[in-house]
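Keep the sequence at hand as you go.

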Amino acid sequence: MVTSALLTQPPLHEGLPPSEAPARVARLEALLGDPADPANPAGYRALLHADRRAALSADAEGLLDDFGMSREFVPTELGGRFDSAETLLRVMRAVFRRDVALGAGYGMTTFMAASDVWMQGSAEQRTWLAGLLLAGSKAAIAQHETAHTNDFVRSGVRAEVHADGLSVTGVKPVINNLHRADALVLFCRTEPQPGTTGAHSVLLLDPHTLPADRYRVTRRPATLGLRGCFFAGVELDACAVPRDSLLGPLGGGVVTALRSFQVSRTLMASMVSAAVDTGLRTAVLVDRSQRPGRTGLDPTDPQHTAGTLAGAFVNLLLYDCMAVVATRALHLLPAETSIYSAAVKLLLPQVLSDTMYDLATVLGSQIYTREGTVGIFQKHIRDVPVVSLGHAGTAACQATIIPQLRSLAEKSWFTSAEAPAALFRPGAPLPPFDYGQLSLACGRDSVSASLLATAASVPGSTAVERTLRNLAGQMSAELHELRSRVLALPPPDAAHPVGPAWFALTDRYVLVLAAACVLGVWHHNRGGPDPFLADPAWAAAALHRIARRLGIPAADLPAECTARVHREVLARYGDRRGFDLHNTPIPG
């Protein structure tokens, strides 16, 4: 790696000192303004115009520069504002709610690359990259292997190690932001035989120092989803790089990737739910516009539309419970996050994409609108599924969980201590995040332990509480059944390869984890400041939906559950508050 002169240059944007998350989010929301305003440079009209040009909005990126967004990706000890994963989640949701491509293209690609450096880099590498990002630069990460279904272990890039450095040859076909990156994190094979843990390494490169005749960038055609992101490929031909380009130890690439996935999977999967928040808001807008003269709290909305809107909100809450728990686990249960990060990413296509398609039934033919507030819906419905692809897609997440299932069934389920209450309280104080505490596997699952304890404490004084108690009991019974079925299978090995049963059990386990997160959030917020989170109606509705996904026969949900959730949808819409657990005011 070549030391950059940018280290001696002052940052382009001084920004704010580290502060409480709500203040930072409020400042960004005010800066980005009302997305429905046609004159807003970061509004839907401008974002859709940029999308048609297969580009990101320069004006919107300029506002993010003014905010000093790149500082959010740099740890506080290196001069930035990254003080917690939950704060970053909340800040970036303000961007993802407007445009998923803008969130991924402006920032999260940079953070994913930088995260590897904060975790494994030397003091010089960390300082070099921090200087770049604080000055407003971008970073890129080259991991994808599309020829091998994104199995990065089958790397098409190899690096030969010499006494004076490395010689890198090969192709990485899909890299976001490479055309404007001042730093590149490159995964490559440093041993001729693939497949072993120590055969891969990571390099941190300055693309501007690579020889032009040995390093070539080629743009790929724009995709249907995330059209604004600039995806490119890179070709290297015996490209010489210095020995100090190694990021972490030689042969440490697989371990670096698997640990960094825990952070990137969690945050990317958690941020994209903000686009579904916009989808729900758009559907409410369309429904109200089709019924002139009605007030926002009119209880006579058609039953189907009211049920669809309420169901979409329940799906969002269900998913956000797991997203917030997984994000906070990076601080509170870092050794266990290999499971939770894979689970939240695995749940993404099952819940959020389905929700967007359900909401499309409310829009009807207006789903084809390409302009303004309603037009953003069709962009989000294209963008959201793309985030579930890539090196951390469904198969990769299942492959993370399956090897741990038997150990969890034998040693953790029904024996581990409960997760701390703070895990389930959005916005509660967190200890500092430490990359060094992340583990590839630890054999514990404290969230499932919380399911058992919470299910046993649900009161039954009302019909809704009794329904919640019964559903919670069914989730506990499902975990017992899951344990029996896992232990009945022979351990995966050469004689007993992983078969369909393991994948099916993994999917069921993730839904049980989601139920545990829902119950934990409801239980530990009963005395909190948000009366809606303390209400058992939404939790009962969420567990009812999980039971249906599991194929468990469940009693009918009391009508008051749907009515209560629907009232909250309309109230938050009218008051301009977000549809996530944080219930944050938004512009408009």
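What follows covers helix packing and then salt bridges. The model is a predicted one.

Two packed helices are described by the angle between their axes and the distance between the axes. Start with helix α1, residues 21-32, and helix α3, residues 58-67. Their axes come within 10 Å and cross at roughly 145°. The crossing of α1 past α3 is right-handed. On the α1 side, the contact is made by Arg24, Arg27, Leu28, Leu31 and Leu32. They meet Leu63, Leu64, Asp66 and Phe67 of α3. By class, this contact counts 6 nonpolar and 3 charged residues, with no polar ones.

The contact of α9 with α10 divides into 19 nonpolar, 7 polar and 1 charged residues.

Turn to the charges. Side chains of opposite charge can pair when their charged atoms come close. The structure holds 28 salt bridges.

Go back to Arg24, one of the α1 residues that meet α3. Its side chain forms a salt bridge with Glu72, at 3.1 Å from N to O. The pair links distant parts of the chain: Arg24 sits in helix α1, Glu72 in the loop between α3 and α4 (85-96), and 48 residues separate them. Both Arg24 and Glu72 are buried.

Arg24 also pairs with Asp83, at 3.4 Å from N to O. Asp83 lies in the loop between α3 and α4 and Arg24 in helix α1, so this bridge ties together parts that are 59 residues apart in sequence. How exposed or buried are the two ends? Asp83 counts as partly exposed, because its relative accessibility is 30%. Arg24 counts as buried, because its relative accessibility is 0%.

A further bridge joins Arg382 and Asp51, whose closest N and O atoms are 2.8 Å apart. Arg382 belongs to helix α11 (residues 372-387) and Asp51 to helix α2 (residues 44-52), so the pair ties together parts 331 residues apart in sequence. Arg382 is buried, with a relative accessible area of 17%. Asp51 counts as buried too, at 5% relative accessibility.

Salt bridges that share partners join Asp530, Asp535, Arg564, Glu568, Arg572, Asp575 and Arg577 into one network.

Technical notes: Residues numbered from 1 in each chain as written. Predicted model: local features only at pLDDT ≥ 70, side-chain atom pairs only at ≥ 80, totals over all residues. Heavy atoms only, no water. Axes fitted to C-alpha atoms, helices over the stretch in contact; angles between N-to-C directions. Helix = DSSP H or I, 4+ residues; strand = E, 2+ residues; numbered from the N terminus. Left-handed = near helix turned anticlockwise from the far one by under 90°. Contact = heavy atoms within 4.5 Å. Nonpolar A, V, L, I, M, F, W, Y, C, P; charged D, E, K, R; others polar. Salt bridge = Lys/Arg side-chain N within 4 Å of Asp/Glu carboxyl O. Buried < 20%, exposed > 50% of the residue type's maximum accessible area, 1.4 Å probe, protein only.
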